[in-house]
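I opened a new notebook page for this structure. The entries below record what I looked up.

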Amino acid sequence: MGNRKHLYIVGLLIMLTIILSGCLSNEDLSIHFIDVGQGDSILIVTPQGKSILIDGGEISEGDKVASYLRRNKIKKIDIMVGTHPHSDHIGGLIEVMNRFKVDKLFLPNKIHTTITYEKFLETATTQGLKITTPISGTSLSLEEDITLHFLSPLRDYGDDLNLWSIVLKLDYKNQSFLFTGDVEATGELDIINAYEKDFLTSNVLKVAHHGSNTSSTQEFLDIVKPQVAIISCGKNNAYSHPHQEVIDRLISSNIAIYRTDYQGTVLIKSDGSKVWSNTKPYYH
Ligand SMILES: [Zn+2]
């Protein structure tokens, strides 16, 4: 009897180990749309644990972003992207550069003259970080099944900083995620004209420019055809983002919408064949 009981316990322990290791092995891609008020900050963690940080909100949000990374056990940033030089995108990245090792830093080839931008460059230099200008139309293979494509900027946009936004598409198996920075209609049109329609189709769309009516044209939405859209903006912001017409366009296109201003940080996950979230969409 004693022996049998012993075998039973051993069997139970083996089963428990198998179940637990199954739960702990991270086969999923995680995309965190961190609530930074009026701004953008997106943390992507790949199934093998690589991290990509796209933007960091205003300089005042730096501590919040850095703490969020720590809480999520991020040890270093493999790829940091400042989509464009506006303070609500690059500001918080300064604190992150000060507190984390960053392997690669991408910024568009457009200078700006603000104190935040200068401080950003200074910090990158202090940390020994070389700034790389991505070449649109190229891609990086991060690990098996994960590819990061640089879609835009596609030409010289003069002083329209939003149009200089680095637009990224991440592919994980048969799921795609589009990160648009603050790109506006002209840039969206350039993207539509530069790439195959099928290539632009994405399951998840980070809505451009905080849901502003400068962006997210019907034509662009019809080609990207997302099932899920995330709007990153601050509650009662001075720009009235997101604009109602963009919300209407997304709803009439049957796209589930998340908003960081009402829902806080939004976590989207994917196993490469579907996407899901920790919360219900705000509009669906
Ligand atoms: Zn912005």
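What follows are my notes, from the whole chain down to one pair of residues.

Entry one, the model. I noted that this is a predicted model.

Entry two, the inventory. I looked up the secondary structure and found ten helices and 15 strands in the chain.

I took the box along the principal axes, and the C-alpha atoms fill roughly 80 × 50 × 35 Å. I then checked the radius of gyration, which is 20 Å for the chain; a compact globule with 284 residues would be near 19 Å, so the two agree.

I followed an open sheet of seven strands, and I wrote down its order as β7-β8-β9-β10-β11-β12-β13, with mixed pairing. Which strands stand at the edges? I found β7 (139-143) at one edge and β13 (256-259) at the other. Each has a single partner strand, so one side of each has no neighbour in the sheet.

I looked at how β7 is joined to β8 (residues 146-152): the two run antiparallel, with four bridges between them. I picked out S141 and found that its bridge partner in β8 is T147.

Notes
Residues numbered from 1 in each chain as written. Predicted model: local features only at pLDDT ≥ 70, side-chain atom pairs only at ≥ 80, totals over all residues. Pairing = 2+ DSSP bridges. Rg over C-alpha atoms; globule rule 2.2 N^0.38 Å.
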